[in-house]
Amino acid sequence: MNNTFWGWVAEIWDKYWQLFLNGTAVTLYLAVAGTLIGLAIGLIIGVVRTIPLRQGGQTKPSLRSVLLRFVNFILSVYIEVFRGTPMMVQAVIIYYGMQEGFGLDIPRMTAGLIIISLNTGAYMSEVVRGGIHSVDKGQGEAAKAIGMTHWQTMRYVVMPQAIRNILPATGNEFVINIKDSSVLNVISVGELFFAAKSIQGIAYRYYETFLITAIIYLILTFTFTRLLRLLEKRMDGPDSFTLIASSTMPHPIRKQNGRTKM
């Protein structure tokens with residue numbers, strides 16, 4: 001064995017690479033599943049919070065508007081609580097609180113997924129609401145003018161555009177979840193940071209173990225950040241086209257990548 005710093009790094013990786021990879025797999029699972037579920041929660045809350053309290057021409061509050069106000073109040077409490085408290089504290093309260101308060105023994109992995117999903121949903125709900133408001137109001141008014149309901153307007157007109165607008169923030173939240181999943185070691189979820197703590201407890205090599213861990217986190221975040229940027233560019237479509245107008249041509253010609261198309 002080479003008793004140098006890099007020699008220890010190589011030996012720790014050679015002995016415990018399976019533990020590192022298992023922890024990485026758990027981290028990716030929690031980040032991907034938690035972000036997708038949180039996005040779904042955010043989409044639902046974002047749409048619900050954009051429902052008008054009163055319908056056109058209505059002056060007095062109805063049962064519908066009262067229920068909407070109550071639902072909006074509950075959703076606002078949920079958002080403020082999960083955005084205003086650390087995820088580590090939420091993990092302890094949800095996992096141990098469910099055991100002591102309600103006698104529910106939730107599996108650690110399930111508890112970790114619930115925590116990340118609810119935390120992500122609280123943040124994404126505000127992102128979605130901002131994305132909805134970024135769509136020109138005239139499109140929603142035009143949709144209602146042709147008889148679309150609020151849900152139809154959201155589904156067919158507003159949300160397809162809003163989702164593109166919130167894609168960068170969704171990607172950022174996913175990258176954040178890759179790193180923030182490390183706080184779940186407080187309830188012994190076997191993600192990457194928990195695996196690193198276990199390895200350093202066996203090998204008694206702190207710097208070397210956590211250097212490997214930091215490199216793995218960096219590879220994950222760097223890779224997925226670049227992939228998300230490629231996805232954004234793909235959704236934007238080609239930017240190398242121009243419109244050529246001519247009085248002798250009945251239709252404009254689109255010129256793209258050196259080729260001319262009708």
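Predicted model: local features only at pLDDT ≥ 70, side-chain atom pairs only at ≥ 80, totals over all residues.

Reader: Fine. With that in mind, which residues of α5 and α6 meet?
Author: On the α5 side they are Gln139, Gly140, Ala143 and Lys144, and they meet His150, Thr153, Val157 and Gln161 of α6.

Reader: How do the residues in that contact of α5 with α6 divide by class?
Author: Five are polar, two are nonpolar and one is charged.

Reader: And what's the angle between α5 and α6?
Author: About 145°, and their axes are 10 Å apart. The crossing of these two helices is right-handed.

Reader: OK, moving to α1. At what angle does α1 cross α7?
Author: Roughly 155°, with the axes of α1 (5-48) and α7 (residues 192-203) coming within 7 Å. That angle makes α1 roughly antiparallel to α7, because angles over 145 degrees count that way.

Reader: Left-handed or right-handed, where α1 passes α7?
Author: Right-handed.

Reader: Which residues meet there, between α1 and α7?
Author: From α1 you have Ile12, Tyr16, Leu19, Phe20, Gly23, Thr24 and Thr27. Facing them in α7 are Leu192, Ala195, Ile199, Ile202 and Ala203. Nine residues of this contact are nonpolar and three are polar, with no charged ones.

Reader: What about α1 and α6, how do their axes cross?
Author: At roughly 145°, coming within 10 Å. This crossing is right-handed too. The α1 residues in the contact include Thr27, Ala31, Val32 and Leu39, and those of α6 include Trp151, Met154, Ile166 and Phe174. By class, the contact of α1 with α6 has twelve nonpolar, five polar and one charged.

Reader: Switching to pockets. How much space is in the largest pocket?
Author: About 330 Å³. It has 14 lining residues, and nearest the centre are Ile132, Lys137, Gly140, Lys144 and Met154.

Reader: Which elements give two or more residues to that lining of the largest pocket?
Author: α4 (108-134), α5 (137-145) and α6 (150-180). Gly140 and Lys144 also turn up in the contact of α5 with α6 we started with.

Reader: Which element gives the largest share of the second pocket's lining?
Author: α6, with six residues. At least two residues each come from α1, α6 and α8 (206-236). Thr35 and Thr170 are also in the contact between α1 and α6.

Reader: How many charged residues are in the lining of the second largest pocket?
Author: None; eleven are nonpolar and three are polar. The largest pocket, by contrast, has four charged residues in its lining.

Terms used:
Residues numbered from 1 in each chain as written. Heavy atoms only, no water. 1 Å grid on protein atoms, 1.4 Å probe; cavity = no way out; pocket = protein on both sides within 12 Å on 5 of 7 lines; lining within 4 Å. Points joined across faces, edges and corners; volume = space filled by probe spheres on them. Helix = DSSP H or I, 4+ residues; strand = E, 2+ residues; numbered from the N terminus. Nonpolar A, V, L, I, M, F, W, Y, C, P; charged D, E, K, R; others polar. Axes fitted to C-alpha atoms, helices over the stretch in contact; angles between N-to-C directions. Parallel < 35°, antiparallel > 145°, perpendicular 65-115°, else oblique. Left-handed = near helix turned anticlockwise from the far one by under 90°. Contact = heavy atoms within 4.5 Å.
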